[in-house]
Amino acid sequence: MPDTPDARGGDAAGRVDPEVLDELLAMRASIDNIDATLVYLLAERFKATQRVGVLKANHDLPPADPARERRQIERLKRLAEDAQLDPDFAEKFLNFIIEEVIRHHQAISASSADAAPGGSSAPDVAGAADVEPTADDAR
(Lines give C-alpha, C1' and ligand atoms only; values in the text may rest on other atoms or scores of the structure.)
Protein backbone atom coordinates (compact mmCIF):
# COMPACT_ATOMS: atom_id res chain seq x y z
CA MET A 1 0.00 0.00 0.00
CA PRO A 2 1.52 3.38 -0.94
CA ASP A 3 2.44 5.81 1.82
CA THR A 4 -0.04 8.47 0.77
CA PRO A 5 -1.86 10.78 3.18
CA ASP A 6 -5.03 8.75 2.67
CA ALA A 7 -3.28 5.44 3.44
CA ARG A 8 -1.47 6.86 6.47
CA GLY A 9 -4.62 8.52 7.76
CA GLY A 10 -6.37 5.22 8.33
CA ASP A 11 -10.05 5.51 9.17
CA ALA A 12 -9.81 9.30 9.42
CA ALA A 13 -8.74 9.74 5.79
CA GLY A 14 -11.53 11.23 3.73
CA ARG A 15 -13.66 11.87 6.83
CA VAL A 16 -11.93 14.94 8.22
CA ASP A 17 -10.63 18.20 6.86
CA PRO A 18 -7.13 18.01 5.34
CA GLU A 19 -5.77 20.29 8.09
CA VAL A 20 -7.07 17.91 10.77
CA LEU A 21 -5.64 14.94 8.88
CA ASP A 22 -2.24 16.69 8.65
CA GLU A 23 -2.26 17.29 12.41
CA LEU A 24 -3.27 13.68 13.06
CA LEU A 25 -0.47 12.41 10.83
CA ALA A 26 2.06 14.67 12.54
CA MET A 27 1.02 13.37 15.97
CA ARG A 28 1.16 9.78 14.73
CA ALA A 29 4.65 10.35 13.35
CA SER A 30 5.72 11.61 16.77
CA ILE A 31 4.19 8.55 18.44
CA ASP A 32 5.98 6.27 15.96
CA ASN A 33 9.30 7.94 16.82
CA ILE A 34 8.66 7.53 20.54
CA ASP A 35 7.76 3.86 20.04
CA ALA A 36 11.00 3.28 18.14
CA THR A 37 12.96 5.00 20.92
CA LEU A 38 11.27 2.81 23.53
CA VAL A 39 12.25 -0.33 21.64
CA TYR A 40 15.88 0.75 21.39
CA LEU A 41 15.98 1.80 25.05
CA LEU A 42 14.54 -1.55 26.13
CA ALA A 43 17.09 -3.37 23.98
CA GLU A 44 19.91 -1.45 25.69
CA ARG A 45 18.40 -2.16 29.10
CA PHE A 46 18.21 -5.86 28.30
CA LYS A 47 21.81 -5.93 27.15
CA ALA A 48 22.83 -4.51 30.53
CA THR A 49 20.67 -6.93 32.49
CA GLN A 50 22.02 -9.86 30.47
CA ARG A 51 25.46 -8.89 31.74
CA VAL A 52 24.01 -8.78 35.26
CA GLY A 53 22.57 -12.26 34.71
CA VAL A 54 25.95 -13.63 33.66
CA LEU A 55 27.65 -11.98 36.63
CA LYS A 56 25.03 -13.46 38.98
CA ALA A 57 25.45 -16.91 37.42
CA ASN A 58 29.24 -16.70 37.68
CA HIS A 59 29.00 -15.91 41.38
CA ASP A 60 26.10 -18.18 42.32
CA LEU A 61 23.80 -15.25 43.08
CA PRO A 62 20.05 -15.78 42.85
CA PRO A 63 18.29 -14.60 39.68
CA ALA A 64 15.85 -12.46 41.69
CA ASP A 65 16.57 -9.72 44.21
CA PRO A 66 13.20 -8.94 45.85
CA ALA A 67 14.52 -6.07 47.99
CA ARG A 68 15.96 -4.29 44.95
CA GLU A 69 12.80 -4.97 42.98
CA ARG A 70 10.69 -3.30 45.69
CA ARG A 71 13.02 -0.28 45.76
CA GLN A 72 12.94 0.02 41.97
CA ILE A 73 9.15 -0.19 41.85
CA GLU A 74 8.79 2.53 44.49
CA ARG A 75 11.37 4.68 42.65
CA LEU A 76 9.61 4.23 39.33
CA LYS A 77 6.22 5.06 40.87
CA ARG A 78 7.65 8.33 42.23
CA LEU A 79 9.13 9.14 38.82
CA ALA A 80 5.79 8.34 37.20
CA GLU A 81 3.98 10.70 39.54
CA ASP A 82 6.49 13.45 38.76
CA ALA A 83 5.97 12.83 35.05
CA GLN A 84 2.17 12.79 35.44
CA LEU A 85 2.00 9.13 34.44
CA ASP A 86 -0.28 6.72 36.29
CA PRO A 87 1.97 5.15 38.97
CA ASP A 88 -0.07 1.93 38.88
CA PHE A 89 0.65 1.62 35.16
CA ALA A 90 4.35 2.25 35.83
CA GLU A 91 4.34 -0.48 38.48
CA LYS A 92 2.65 -2.97 36.13
CA PHE A 93 5.13 -2.11 33.39
CA LEU A 94 8.16 -2.57 35.65
CA ASN A 95 6.75 -5.81 37.09
CA PHE A 96 6.43 -7.15 33.54
CA ILE A 97 10.05 -6.24 32.84
CA ILE A 98 11.23 -7.71 36.16
CA GLU A 99 9.48 -11.01 35.43
CA GLU A 100 11.19 -11.19 32.06
CA VAL A 101 14.57 -10.34 33.59
CA ILE A 102 14.22 -13.06 36.21
CA ARG A 103 13.23 -15.56 33.53
CA HIS A 104 16.34 -14.67 31.54
CA HIS A 105 18.57 -14.78 34.60
CA GLN A 106 17.21 -18.24 35.43
CA ALA A 107 17.95 -19.38 31.87
CA ILE A 108 21.48 -17.97 32.04
CA SER A 109 22.06 -19.69 35.36
CA ALA A 110 20.70 -23.00 34.07
CA SER A 111 22.74 -22.88 30.88
CA SER A 112 25.83 -21.94 32.87
CA ALA A 113 25.41 -24.92 35.14
CA ASP A 114 24.82 -27.23 32.16
CA ALA A 115 27.86 -25.93 30.25
CA ALA A 116 30.31 -26.01 33.12
CA PRO A 117 32.44 -29.09 33.84
CA GLY A 118 30.67 -30.98 36.59
CA GLY A 119 27.65 -28.73 36.08
CA SER A 120 28.53 -26.40 38.96
CA SER A 121 30.21 -23.31 37.52
CA ALA A 122 28.92 -20.53 35.34
CA PRO A 123 30.50 -19.37 32.06
CA ASP A 124 32.66 -16.30 31.89
CA VAL A 125 31.19 -12.95 30.87
CA ALA A 126 32.21 -13.53 27.24
CA GLY A 127 29.37 -16.06 27.09
CA ALA A 128 26.90 -13.19 27.51
CA ALA A 129 27.06 -12.43 23.81
CA ASP A 130 25.37 -15.78 23.14
CA VAL A 131 22.23 -14.73 25.03
CA GLU A 132 19.47 -12.70 23.41
CA PRO A 133 18.85 -9.24 24.94
CA THR A 134 15.82 -9.19 27.23
CA ALA A 135 13.78 -6.84 29.32
CA ASP A 136 16.29 -7.26 32.03
CA ASP A 137 17.28 -5.97 35.20
CA ALA A 138 15.48 -3.73 37.45
CA ARG A 139 17.99 -5.21 39.80
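Student: What covers the buried residues of helix 4?

Tutor: This is a predicted model, where local features need pLDDT of at least 70, side-chain atom pairs count only at pLDDT 80 or more, and totals for chains, interfaces and linings use all residues. Residues are numbered from 1 along each chain as its sequence is written, and side-chain values use heavy atoms, with hydrogens and water left out. Buried means under 20% relative accessible area, exposed over 50%, partly exposed in between (1.4 Å probe, protein chains only); helices are DSSP runs of H or I, at least four residues, and strands runs of E, at least two, numbered from the N terminus. Ala90, Leu94 and His104 are among the buried residues of helix 4, and their cover includes helix 2 (18-58) and helix 3.

Student: Which side chain reaches the backbone nitrogen of Asp88?

Tutor: Look at the start of helix 4.

Student: Is Leu85 buried, exposed or partly exposed, and why?

Tutor: Leu85 sits in the loop between helix 3 (66-82) and helix 4 (87-115). Because its relative accessibility is 40%, Leu85 counts as partly exposed.

Key: Contact means heavy atoms within 4.5 Å. A polar contact is a pair of N or O atoms within 3.5 Å; within protein, one must be able to donate a hydrogen and the other to accept it, and residues adjacent in sequence count only if both atoms are side-chain atoms.
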